[in-house]
Amino acid sequence: MTRHSRTHHFDALETRSPDEREAAIARDLPRQVANAQSLPGAAPALVDVEAGAVTSVAALADLPVIRKSDLVKRQGAGAPLGGLTALPLTGFAHVFQSPGPIYEPGGASHDWWRMGRFLHAAGIGRGDLVQNCFGYHLTPAGMMFENGARAVGATVLPAGTGQTDLQARAAHDLGVTAYAGTPDFLKVILDRAEAQGMELRITKAAVGGGALFPSLRAEYAERGIACLQCYATADLGNIAYESDAMEGMIVDEGVIVEIVTPGTGTPVAPGEVGEVVVTTLNPDYPLIRFATGDLSAVLPGISPCGRTNLRIKGWMGRADQTTKIKGMFVRPEQVADFVARHPEVTRARVVADREGEMDVMTLQVEAEGGDEAAFAASATDLLKLKARIEVLSPGSLPNDGLVIEDRRKYD
């Protein structure tokens, strides 16, 4: 049974009409592209773009994609933030280090990471005490959720990770009403409190940073806790979030999301699975077409909760499917180059398998006819390996976002 959200939303942006949202993008996006172009770390391919012409989501498709690996290279070659921020390092409230290492800036102004919108959708606000179990050391998740809690007027217990006994005791003693953290750690706290005979008052949970399995959500519901999840990254802040309608994830109002064929910047057809590419409207850190490496798909229609922005299906796997076959790395970009070389091909997929003790590579090609010999020659040229060719009728490959499928078993 679908539950419907409270009538009051976080702000008026959430219920804009399509025309209002498109008009706002037409106003704000050229300004953000120009902002990014002015930075010393801007990609050369972005510098030549006419910012004033980038007035829609469709227009973004002509711009280059930037990846996490690009951030690492640019940071390694120069300033700690890669010359990609509108403020100097000391102009930010915080700076964080994530694995790589890669450094991210953070602000302390109102809802800088836009997590408040998600916490509000999860029913958290003034009068709540939030036990924030995201990490506070080096990585930004703890501060991201604390900043969001301030935006909705909640009080925060900065609990961090681990120390389960102390966490359970604090939740009991203080009467904590809401949890923020990874999906599974809440169960650890609940079980420890139960084992020690301590009653807890947690009724709301805002989670991220890991998979929220339906069985775990159901267990929380049985314990009287409504648990919702968000999709956020250290670089971009909140990208999308669940409301209590629990139908997909609603894209945040401060970002623009595209779904593209993995390894490219080419948008997929509506409803197809592809890589999530995000443009943030945060003027302090204007990332344009940042490829997250995650797979998802657009969910048609609008949420029953009344929020009108685009919806995605949530996390559906990783887009970086780079696979080693016969000792050679095969990358999604190479498969995309094959499709681009043959106009008659609509989609293609590399399948890695084993026959005996040998790797075998098959290239499955969706096309109306076509020259198998030419396909094989292109595969050898672009993928650097000989491939068996299977020509399939258009629409035959599953809609799962896979460009490279590894079927090999090693057990």
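Reader: Why is Phe134 called buried?

Author: This is a predicted model, so the value is computed from it. Phe134 has 7% relative accessibility. Buried means under 20%. Phe134 therefore counts as buried.

Reader: Is Phe145 buried or exposed?

Author: Buried. Its relative accessible area is 6%, and the cut-off is under 20%.

Reader: What makes Phe134 and Phe145 a stacked pair?

Author: Two tests. Ring centres must lie within 6.5 Å; those of Phe134 and Phe145 are 4.3 Å apart. Planes must be under 30 degrees apart; here the angle is 25°. So the pair is stacked.

Reader: Which parts of the chain does the pair of Phe134 and Phe145 tie together?

Author: Phe134 lies in the loop between β4 (129-132) and α6 (141-151). Phe145 lies in helix α6. The pair therefore links parts 11 residues apart in sequence.

Reader: Why is α6 described as largely enclosed?

Author: Nine of its 11 residues are buried, so the rest of the structure largely encloses α6. The buried residues include Met143, Met144, Phe145, Glu146 and Asn147. Just after α6, Gly153 takes a positive phi of about 80°.

Reader: How do you know that β4 and β5 pair?

Author: Count the bridges. Pairing needs at least two. Four bridges join β4 to β5 (residues 155-158), and the strands run parallel. Gln131, for one, has Leu157 in β5 as its bridge partner.

Reader: What is the hand of the crossover from β4 through α6 to β5?

Author: This β-α-β crossover is right-handed. With the strands pointing away from the viewer, a right-handed path runs clockwise.

Reader: How many aromatic pairs are there by the ring-centre rule?

Author: Six. One of them is Trp112 with Trp113.

Reader: Why is the pair of Trp112 and Trp113 called edge-to-face?

Author: The ring centres are 5.1 Å apart and the planes meet at 80°. The limits are within 6.5 Å for the centres and over 60 degrees for the planes. So the pair is edge-to-face.

Reader: What makes Trp112 and Trp113 buried?

Author: Trp112 has a relative accessible area of 9%. Trp113 has 2% relative accessibility. Buried is under 20%, so Trp112 and Trp113 both count as buried.

Reader: Which residues form a cluster with Trp112 and Trp113?

Author: Phe92 and Phe96. With Trp112 and Trp113 they form one aromatic cluster.

How values were computed: Residues are numbered from 1 along each chain as its sequence is written. This is a predicted model: local features need pLDDT of at least 70, side-chain atom pairs count only at pLDDT 80 or more; totals for chains, interfaces and linings use all residues. Side-chain values use heavy atoms; hydrogens and water are left out. Buried means under 20% relative accessible area, exposed over 50%, partly exposed in between (1.4 Å probe, protein chains only). Helices (H or I, at least four residues) and strands (E, at least two) are DSSP runs, numbered from the N terminus.
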